[in-house]
Amino acid sequence: MKTVDIGRYNTMAAFGAIILLPASLDPTQLSRNQFSLLASFIGFILFSVAMYKYSKIFQNSHIMKNYLIAVGLSFVYGFFSALLLATVIASGYNTPENLINLIINISFIGIYISSIAALFFIKNTLLELYKHLKHKLFKITAWIYFGAGVTLINLLGIQMIFSHSNSDIKEDPLVTLTTLVIFIASILLVIAFFKAPSLVEVPE
């Protein structure tokens, strides 16, 4: 066994998570603000490099593998979201209604499955980190992210299904509370990286 200083990577991951905090509260802001998009990209790079370094130092390919799958599924989610938005916009033109409904239904299913799967692999990434960094906040955050994320996705799914109604589920206290819980989990993740040990024992 040898001792390795991972303090710089803990700091890198923490600052990456801090930069991504606003996006965890309101992901839609990325499409409205170029500065927010650039800042989030920088945060994503910092966090990704840290995950890569953790995976190499701990000789645990599952850290990076789970993380990359989660990132890939996030892009799948973005694709179906864009497809849904484009279809809704195109519905005002001379597009057959049955085709519009088919694309919308496929988009809903794609968004739901990809977002749930992404949360699953994010949870796995944090649990793999917990094995090596030994800080309970990683384990706690992993399950909060997964539980609150799945709850929020289901609540927003209900909103999409019943979007024709006059009520707006975004104003529902459960949605607001769940979004707040996810934001708090993001803050806990930042704290976890700052409190993680700088010196760790790894195999020779």
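1. Surface first: the protein exposes about 11,900 Å², with carbon and sulfur atoms supplying 70% of it. Areas are Shrake-Rupley values with a 1.4 Å probe, and for residues only the protein chains shown count as cover. Of the 204 residues, 39% count as buried (under 20% relative accessible area; exposed is over 50%, partly exposed in between; 1.4 Å probe, protein chains only).

2. Provenance: this is a predicted model, where local features need pLDDT of at least 70 and side-chain atom pairs count only at pLDDT 80 or more, while totals for chains, interfaces and linings use all residues. Residues are numbered from 1 along each chain as its sequence is written, and side-chain values use heavy atoms, leaving out hydrogens and water.

3. The fold has 7 helices and 2 strands, in the order β-α-α-α-α-α-α-α-β. These are DSSP runs numbered from the N terminus (helices H or I, at least four residues; strands E, at least two).

4. Zooming in, Met51 is in contact (heavy atoms within 4.5 Å) with residues including Ala13, Leu129 and Phe193, leaving aside neighbours within four places in sequence. Thr125, in helix α5, counts as buried because its relative accessibility is 4%. Thr125 touches Met51, Ile63, Asn66 and Tyr67, not counting residues up to four places away.
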